[in-house]
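User: Could you walk me through reading the strands and the core of a protein model? I'm new to this.

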Amino acid sequence: MPTEKRSVADMRPQISFKADGEKARAGRVIVDGLDMGAVGDYLDGFAAVRVLPGSHVLKVMSGDAVLLDEKIYLGDGVNRSFIIK
């Protein structure tokens, strides 16, 4: 008997980073107050943090230093990359 297969594409927004070696290892990604891991885990072209569509507070911390602090809005299917200097 013929069967039909359907799949759903994941359209959640994605956040990734461009960073050099030291900042990629030391920086921590914090989305809406939740620690998501190291910046190096989400380098552009390799991996990304998936979030729900809407407004978010994105921070990248290295110890007590704030490398990035932005309030962002991401819609369905958006892939946004941030440069960590």
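Predicted model: local features only at pLDDT ≥ 70, side-chain atom pairs only at ≥ 80, totals over all residues.

User: Which strands pair with E1?

Analyst: Strands are DSSP runs of E, at least two residues, numbered from the N terminus, and two of them pair if DSSP finds at least two bridges between them. Here E1 (residues 14-18) pairs with E4 (residues 49-50) in the antiparallel sense over two bridges, and with E7 (residues 79-83) in parallel through five bridges. Take isoleucine 15: its bridge partner is valine 49 in E4 and arginine 80 in E7.

User: What is the order of the strands in the open sheet?

Analyst: The order is E3-E2-E5-E6, with antiparallel pairing. E3 (34-38) and E6 are the edges: each has a single partner strand, so one side of each lacks a neighbour in the sheet.

User: How many residues are in the largest nonpolar core?

Analyst: Such a core is a set of buried (under 20% relative accessible area, 1.4 Å probe, protein chains only) Ala, Val, Leu, Ile, Met, Phe, Trp, Tyr and Cys residues joined through side-chain atoms within 4.5 Å. This one has 15 residues, and Ile15 and Leu58 are among those with the most contacts inside it. E6 gives the most, three residues.

How values were computed:
Residues numbered from 1 in each chain as written. Heavy atoms only, no water. Helix = DSSP H or I, 4+ residues; strand = E, 2+ residues; numbered from the N terminus. Buried < 20%, exposed > 50% of the residue type's maximum accessible area, 1.4 Å probe, protein only.
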